[in-house]
Structure formats: structure tokens, C-alpha cells
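Please read them alongside the sequence and the coordinates.

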Amino acid sequence: MKDVLVIGGGFAGVWSAAGAVRATREAGEEVRVTLVSGGDDLVVRPRLYEEEPESKRVPLDRVLGPIGVRRVTATVTGIDTGARTVRAVGRAGEDLTLSYDKLVLAAGSRLVRPDFPGARNVFDVDTLSTAAAFDHHLRRLPQRAPSPGRYTAVVVGAGFTGLEVATGLGERLRAIAHAHGAGEEVRVVLVDRADVLGPELGSGPRPQIDGAVDELKIERRLGRTVASATQDDVTLSDGEVIPTATVVWTAGMVASSLTAQIPGERDRLGRLSVDAYLRVTGVPDVYAAGDTASALAEEGHYTTQSCQHAQPMGKFAGHNVAADLLGTDPLPFTPDPYGVCLDLGPAGAVVTQGWDRTVQMTGEGAKSLKRDINTLWIYPPVDDAEQILAQAGRFSNL
């Protein structure tokens with residue numbers, strides 16, 4: 001029996017495995033599909049900036065089990081594309097060697113953590129464990145001694161994640177302070193090296209972003225970054241000291257370090273170059289999907305590290321590894337038209353369309369769409385093989 005091995009239990013990995021099962025069953029063939037991941041859950045990473053991040057996950061067995069995907073809980077340590085083997089360490093510390101006929105690398109991305117003095121005092125919402133630590137920290141703030149910065153939060157990075165974190169934080173901090181009768185000032189300060197908010201989001205939604213930041217009374221510190229941090233304050237690169245108990249780092253993402261194990265071309269984010277069928281360029285039998293792959297989305301534009309691209313990339317990669325094994329027709333990756341839906345906390349949301357980020361919707365309509373995306377659309381079906389495989393065959397997010 002032929003073996004498809006998928007590395008990664010996020011959106012791209014789960015849908016790669018499901019897509020491979022769907023395609024082989026449609027062809028009346030049988031292929032063994034194995035997914036290896038270090039955890040037991042699909043973490044709904046786009047929601048980790050929200051309260052109670054521990055609830056933002058789906059057990060992998062409820063998605064993979066019903067469709068017959070074998071799951072291996074292990075941390076991948078090496079990939080040998082010549083021998084077509086993967087080395088891993090199991091949960092109990094045992095060494096594992098997994099063989100494959102076709103491999104899909106969908107190991108995701110990670111935040112680039114800072115290394116300035118006191119960086120250990122900085123929080124992030126990159127993983128379930130770090131987001132939970134941040135959430136617990138906020139809930140414990142009333143236990144700290146009253147101080148000028150007890151309810152001040154400094155968010156570093158004014159990109160997509162930083163804006164979603166910052167625009168939601170004031171309301172959370174005020175609710176926590178009010179519940180414990182604290183009368184101290186609540187402040188949110190947004191820091192970025194750029195001289196504008198959301199530089200990678202373009203000029204289209206900037207009036208809405210600036211308006212939301214003003215409405216929520218978020219302070220800007222643009223054209224600078226953090227030089228050092230303690231448990232009680234941060235010092236910015238221009239020397240300003242801000243008393244704060246809470247610093248959140250959101251700046252900089254890179255692909256999983258496992259991409260370095262593949263002898264293919266990589267971009268500045270470490271993503272592997274792939275062709276129209278998500279095959280890693282120049283590396284036989286290896287595909288990449290999600291945040292580990294740089295795929296052409298539209299003429300002149302490549303995929304972003306986001307679930308809007310990770311989900312369809314997984315489905316296309318899964319279909320195409322099966323087609324490769326079975327000699328059937330592969331499908332070129334054709335994502336939906338690019339769009340952005342940015343949460344702006346109590347100030348609403350903004351929806352843009354196209355790579356020029358033309359604003360399509362704001363206010364409550366945009367907020368309602370964001371809620372639907374976060375609570376409905378990005379979740380896979382569970383416990384029902386027919387629904388899971390049907391969803392694996394829907395290549396559009398729309």
C-alpha cells in the first residue's frame with residue numbers, strides 16, 4: 001500500500017490529509033494517510049487573541065478518526081528526502097522513523113521572538129500555551145499591587161495581529177479592573193517601527209484603522225520599537241519609559257524550521273517555493289501547503305501566511321498527492337480572490353477586497369462577517385466522515 005505522510009496538525013495539514021483520503025476514495029483506490037503532529041488538537045490560531053484561548057481548538061481525532069487517517073503524536077526532528085523518511089520523537093521520548101511515498105509539509109509558521117534585555121517578560125498569542133499564559137496574566141492583574149502601569153498594555157507590532165490584539169485589549173482591561181473596583185487608568189499603547197499603522201495592509205483600510213485607534217483612545221508610538229523590558233515597564237528605542245505590567249509581542253513571522261530540511265528554494269520568510277500543483281520545486285515526491293509554502297495566488301502576488309490560504313492549499317495538496325500516486329489529473333491551486341477581514345474590537349471591523357485592499361465593508365456588517373469567519377467558517381466538521389470529506393472537496397472558502 002502507498003503511503004502519504006502529512007507533517008502538521010493545523011488547517012493546511014488537516015485538510016491535506018482529508019483531501020488525500022477524499023481523492024483516493026473517489027478513485028476507488030486505497031492509500032494509507034498518516035498525519036504527524038506534536039499535539040492532539042487543531043488549534044484555531046486566528047482566535048488566540050480572544051478571551052479563553054484554551055477553548056479555541058478541535059480534537060484532531062474527531063476530524064481524522066472518522067475518515068481513517070492514522071495519527072502519530074510526535075515532534076518531527078528530521079526529513080530525508082533522498083531516503084523518503086521522516087525522523088521524529090514520540091510523546092514518550094521514543095525515536096520514530098516514518099516512511100512515505102508522498103510527503104506534504106504543512107508544519108506552519110512561528111513568531112520571531114525578540115532578544116532584547118528582559119524579553120522573557122513579554123507575552124504573545126502565537127501558540128495555545130502562550131496565548132493561555134497571556135490570558136491568565138490579564139486575569140491575575142488585580143492581584144498585583146496598585147501601580148501606574150498595572151492596567152497599561154503595550155502591544156509591539158501594528159500589523160494584522162497587533163491591531164486585533166490592541167483594539168480588543170482596552171475593553172478587556174477595563175472589565176477586569178471594574179470587576180475588582182480598581183480605579184487606575186487603563187491604557188493601550190501600540191508600538192511599531194513603521195510610521196503608519198498596518199503598513200502591510202496598504203492604504204485602503206488605513207482611514208478605518210486610524211479611526212478605530214482614535215475612537216478606542218489607543219496611544220501610538222510609531223517609528224520606534226522596544227529596547228528593553230522589565231515586569232514593571234518598557235523602554236522604547238527613543239528612551240521613553242512606559243510603566244506597564246503587560247507587553248505583547250506580535251511582530252514577525254517565519255515558516256517552520258523544518259523547511260530547511262527540504263533541499264528546495266526558500267523565500268525571506270523561509271517558505272518553500274512550490275509550483276502550480278503545490279509540489280516543492282526541484283524536490284520529487286514532496287509537497288508543501290499553508291505557511292510553509294510560497295505559492296502563486298494571482299498574477300504578481302503570492303499566498304499570505306493566513307488560514308484563508310492555508311485551508312484551500314491543504315485541500316489542493318491532498319488532492320494532488322493522491323493524483324500523483326494514482327495517475328489521475330492534478331488540480332492547479334486556484335484560491336478565492338484575496339480579501340482581508342480585520343477585527344477592530346469595540347470599534348467594529350473592516351473588510352477589504354483585492355491586493356489593493358479596497359474597502360468593501362465596515363461597521364456592524366464587517367463585524368458580523370468576522371464573527372461568522374471566526375466561529376463558523378474556519379471550523380472543520382467533526383465526527384461525520386461524509387461531511388468531512390465533502391468539505392475536503394470544496395476548494396473555495398466562500
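Which helices each supply at least two residues of the lining of the second largest pocket? Point 2 gives the answer.

1. Basis of the note. This is a predicted model, in which local features need pLDDT of at least 70 and side-chain atom pairs count only at pLDDT 80 or more, while totals for chains, interfaces and linings use all residues. Residues are numbered from 1 along each chain as its sequence is written, and side-chain values use heavy atoms, with hydrogens and water left out.

2. The second largest pocket. The helices in question are α3, α4 (160–179) and α7 (363–377); helices here are DSSP runs of H or I with at least four residues, strands are runs of E with at least two, and both are numbered from the N terminus. The largest contribution to the lining comes from α4, with 8 residues.

3. Volume and composition. The second largest pocket holds about 520 Å³ of space. Of its 26 lining residues, those closest to the centre are Glu-50, Glu-51, Gly-168, Glu-171 and Arg-172. A pocket is an open set of points on a 1 Å grid over the protein atoms alone, where a 1.4 Å probe fits, with protein on both sides within 12 Å along at least five of seven lines; lining residues have an atom within 4 Å of a point. The volume is the space filled by probe spheres set on the points, which are joined across faces, edges and corners. The lining divides into 8 nonpolar, 5 polar and 13 charged residues, where Asp, Glu, Lys and Arg count as charged, Ala, Val, Leu, Ile, Met, Phe, Trp, Tyr, Cys and Pro as nonpolar, and the others, Gly among them, as polar.

4. Gly-149. This residue lies in the loop between α3 (128–140) and β10 (152–156). Gly-149 is buried, with a relative accessible area of 3% (buried means under 20%, exposed over 50%, partly exposed in between, with a 1.4 Å probe and protein chains only). Beyond its neighbours within four places in sequence, Gly-149 is in contact (heavy atoms within 4.5 Å) with Pro-243, Thr-244 and Ala-245.

5. Positive phi values. Glu-52, in the loop between β3 (41–43) and β4 (57–59), has phi near 50 degrees and is partly exposed at 47% relative accessible area. Arg-357, in the loop between β24 (349–353) and β25 (358–362), has phi near 55 degrees, but counts as buried at 16%.
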